[in-house]
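Subject: Structure handover

Dear colleague,

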Amino acid sequence: MRVLVAMSGGVDSSVAAARAVEAGHDVVGVHLALHQDAQQTREKARGCCSLEDSADARRICDKLGIPFYVWDFSDEFKQEVIGDFVDSYARGETPNPCLRCNEKIKFRALLQKGMALGFDAVATGHYATIDSEGYMRRSKDENKDQSYVLGVISAEELEHCFFPIGDTPKPQIREEAAKHGFSTASKPDSYDICFIPDGNTQAFLGKHIGLRPGMIVDQEGQELKSHDGAWNYTIGQRKGLDIKAPAADGRPRYVTDINAETGTVTVGAREDLKVTEIQADRLKYLHPAMDGEVDCEVQVRAHGSVVPCQAIIDRDNDTMTLSLSEPLQGVARGQAAVLYLPSPDDLGDIVLGSGTICATS
């Protein structure tokens, strides 16, 4: 099988490539150039797409004796990921750019180009597995499981993907890399948003969205202070509100709602963050059980809590309503709601699919 391995320059994709080679596949490594102004070093870039990462990926491919290419997806990344990130915040949402990158770039764009060039599959260093029936499962390493950020790809794309390291805990992956003599064996994991080099999200959004003054109000609508833009705030935020007057009960205030149209940011008590119903659209179906009424579990953040729910999926209107068995806090529009069926065996939980949260109550 001709396999295209997405090489980020990290330890996970290094071992994924090595395992694909050891399995006897015809392997080619490719690094995705996502930024036209990529930073030279990881220390400056903080993310996963620096020039140093590209050089590391090339060295791994040379050591494995496989071809290596750099494919420029910077235009697609600017439009589909950075543009979506800015537009989503401008609408008062809280997006996860890593999900959009997986959905639009690392699988859709990469897979389309790879298939056009005659490749059979794309492999990545993500922590998830695919069972014998072709369904996605959680990784064996619960601390590194990335099935949440993969829940936004389509079933058709999943048919041409595999995750060589998803059945192995991260410490063993590092040990395996060291045995291969890979320089990435002790390389730290990437973190933060790769297209915001200094990690200052507010400054980045201010530059791209601009001033949009509004008011911070309490649950009764009383005005507490003005602000320069609702994009400065996210649901569940406590720090940085800079409200001089304390709450009547003296307890901390949290952002409970954002209305980007009026510029109104509502704050309240921690209890006001509780959500028992979620509505989502832009659904992705990864399992036939994601249809009609389904008792399952939902996760709304990459490392967030999982709670049981009843999902009512309306395929005709591409929407779903989730009734939670227990409240979740800090659920924001723009986040993904990924549904799971608890594992019926010793493999990980089954990923049913996902939707983008559009309303809560």
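This is a predicted model, in which local features need pLDDT of at least 70 and side-chain atom pairs count only at pLDDT 80 or more, while totals for chains, interfaces and linings use all residues. Residues are numbered from 1 along each chain as its sequence is written, and side-chain values use heavy atoms, with hydrogens and water left out.

An open sheet is formed by five strands in the order 3-2-1-4-7, with parallel pairing (strands are DSSP runs of E with at least two residues, helices are runs of H or I with at least four, and both are numbered from the N terminus; two strands pair if DSSP finds at least two bridges between them). Strand 3 (68-72) and strand 7 (161-162) are the edge strands, each pairing on one side only. Strand 1 (residues 2-6) is joined to strand 4 (residues 121-123) by three bridges in the parallel sense, and Leu-4 has Val-122 in strand 4 as its bridge partner.

Helix 5 packs on this sheet and touches strand 1, strand 2, strand 3, strand 4 and strand 7 (contact means heavy atoms within 4.5 Å), and its direction makes about 130 degrees with that of strand 2 (angles run from 0 to 180 degrees between N-to-C directions, and axes are lines fitted to C-alpha atoms, for helices over the stretch in contact).

Helix 5 (residues 97-116) also packs against helix 4 (residues 74-90), at an angle of about 150 degrees and with the axes 9 Å apart. In this contact, residues of helix 4 including Phe-77 and Val-81 meet residues of helix 5, among them Cys-101 and Ile-105.

Best regards
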